[in-house]
Amino acid sequence: MLMMMLGAVQLGAAAACVVVLVPMGMAGWHLSRNKMLFFSGALFISLAICVHLTPYFPSVPDFVTSVSSAVVFDHRSSCINLVNEISWEVKPNASFHHFNNTQNSSSIADFYDKRWDWSDSYKLKACEFTKLSKSDASDLLNGSWVVIAGDSQARLFTLSLLNLILGPQSQSMDSVRADLFKRHSDYSVLVNETGMKLDFIWAPYVMNLTNLVMNFKTQKNCPDVMIMGAGLWHMLHFTNASDYDLHLRILKTQAVSLLPFSTELAMNEPVTGSVPIKSSHLFWLGMPVLINGMLNTEEKRAKMNDAMWHAYDKALGDSKLLRQTGGPLFLLDFQSLTWNCGPHCTSDGMHYDRAIYEAAVQIMLNTLLIESHQTL
């Protein structure tokens with residue numbers, strides 16, 4: 001809209017030049033002989049220009065409002081694109097010397113302190129990203145239904161979110177840890193203080209995620225926030241990036257049909273086949289970087305190599321599932337998080353230190369703040 005208004009102004013200016021300024025040039029030599037006549041002519045010409053341009057200018061308040069809206073929209077869009085840009089500081093802690101000089105069963109990751117924050121740049125500072133506290137996160141998710149579905153990466157993400165909402169020292173977290181990590185099982189909890197309901201769904205394959213989304217569509221009800229991700233099990237047990245790509249494309253079709261409106265930037269019309277349900281905030285848990293030499297079985301080291309990991313990552317991009325490529329799901333970039341934290345942040349080359357999942361939770365919460373037009 002702003003570009004249309006500026007184009008109209010330019011058109012008006014061109015018309016004024018033709019209608020008024022050309023005759024002015026023709027009469028200029030004669031007017032310059034008489035100063036009084038010259039200034040009178042100049043005043044007349046200025047008024048004529050204003051008359052010609054006025055129809056092309058909107059009212060000042062409307063113009064300012066339009067410009068402000070465009071700036072705010074651009075700011076939100078830019079910040080969402082920057083929210084995954086995290087920097088890490090990983091340093092040996094006080095126990096590191098003891099680890100180097102004794103034999104023990106502790107993981108090397110336990111002997112490094114990890115600190116993270118959003119990268120220090122002018123653009124990111126302008127976005128005012130922040131690490132939400134327990135009360136901030138509880139207020140943001142108050143009364144929400146949150147579904148997290150996927151494999152062990154999703155389970156660790158669930159643990160970090162509940163750790164923030166309930167508090168790491170709360171007695172509730174003891175039972176959460178025990179119940180959440182029952183092998184290959186689902187988990188549900190209702191946080192009475194805020195009314196937030198959280199469901200973890202064990203869904204190690206993309207096909208499981210697709211079936212879950214189709215169930216929401218059938219019930220014409222979906223969670224307020226849904227975080228999902230799968231790929232590692234498929235890589236290990238099928239080792240077929242083309243098949244993974246196919247399943248991602250099917251998931252995209254079902255996920256888009258859940259939304260009342262398309263997430264394509266150029267579309268504002270209802271999606272064909274969509275159902276009248278409330279809008280969800282949809283997130284995709286990206287796959288972590290796999291450190292092949294640290295993987296704990298020979299089968300994993302053989303099948304989950306760098307070439308296969310990159311093939312699966314390419315399949316994700318090609319599927320157009322992610323909002324960054326025009327799809328419905330916003331990427332929580334585990335690749336970037338784990339790569340930048342490095343090998344000192346994992347004990348088995350696949351599952352990472354809790355700081356990784358804490359950072360991912362904060363990225364998700366900051367994205368929700370932007371999408372819901374809220375500030376702390």
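Me: How do the axes of α7 and α8 cross, and how close do they come?
Reply: In this predicted model, the axes of α7 and α8 come within 10 Å and cross at roughly 170°. That makes α7 roughly antiparallel to α8.

Me: Which residues make that contact?
Reply: From α7 you have R155, T158, L159, L162, N163 and L166. From α8 the partners are S172, M173, V176, R177 and L180.

Me: And by class, what's in the contact of α7 with α8?
Reply: There are 6 nonpolar, 3 polar and 2 charged residues.

Me: Staying with α8, which of its residues are buried?
Reply: Helix α8 covers residues 171-180, and the buried ones are M173, V176 and L180. They sit on the same side of α8, because they cover an arc of only 55° around the axis.

Me: Why would residues spaced like that point the same way?
Reply: An α-helix has 3.6 residues a turn, so residues three or four places apart point the same way.

Me: What does S160 touch?
Reply: Leaving aside residues up to four places away in sequence, S160 touches R354, Y357, E358 and V361.

Me: Which helix spans residues 354-371?
Reply: That's α15, and it packs with α14 (residues 334-341) at an angle of about 140°, with the axes 10 Å apart. That angle makes α14 oblique to α15. The crossing of the two is right-handed.

Me: Who meets whom between α14 and α15?
Reply: On the α14 side it's F334, L337, T338 and C341, and they meet I356, Y357, A359, A360 and I363 in α15. By class, that contact has 8 nonpolar residues, 1 polar and no charged ones. Y357 of α15 turns up here and also among the residues that S160 touches.

Me: Where is H184, and how accessible is it?
Reply: H184 lies in the loop between α8 and β4. It is partly exposed, with a relative accessible area of 35%.

Me: What about K320, what's its phi?
Reply: Phi of K320 is near 60°, again positive in a residue that isn't glycine. K320 lies in the loop between α13 (306-318) and β8 (330-332). With a relative accessible area of 39%, K320 is partly exposed.

Me: Zooming out, how many helices and strands does the protein have?
Reply: There are 15 helices and 8 strands.

Me: What share of the residues is buried?
Reply: Of the 376 residues, 44% count as buried.

Me: And what share of the contacts joins residues at least 24 apart?
Reply: Taking contacts between residues at least 6 apart in sequence, 74% join residues at least 24 apart.

Conventions: Residues are numbered from 1 along each chain as its sequence is written. This is a predicted model: local features need pLDDT of at least 70, side-chain atom pairs count only at pLDDT 80 or more; totals for chains, interfaces and linings use all residues. Side-chain values use heavy atoms; hydrogens and water are left out. Axes are lines fitted to C-alpha atoms, for helices over the stretch in contact, and angles run from 0 to 180 degrees between N-to-C directions. Helices (H or I, at least four residues) and strands (E, at least two) are DSSP runs, numbered from the N terminus. Angles under 35 degrees count as roughly parallel, over 145 as roughly antiparallel, 65 to 115 as roughly perpendicular and the rest as oblique. A crossing is left-handed if the near helix is turned anticlockwise from the far one by less than a right angle, and right-handed if clockwise. Contact means heavy atoms within 4.5 Å. Ala, Val, Leu, Ile, Met, Phe, Trp, Tyr, Cys and Pro count as nonpolar, Asp, Glu, Lys and Arg as charged, and the others, Gly among them, as polar. Buried means under 20% relative accessible area, exposed over 50%, partly exposed in between (1.4 Å probe, protein chains only). The arc is that of the directions from the helix axis to the C-beta atoms.
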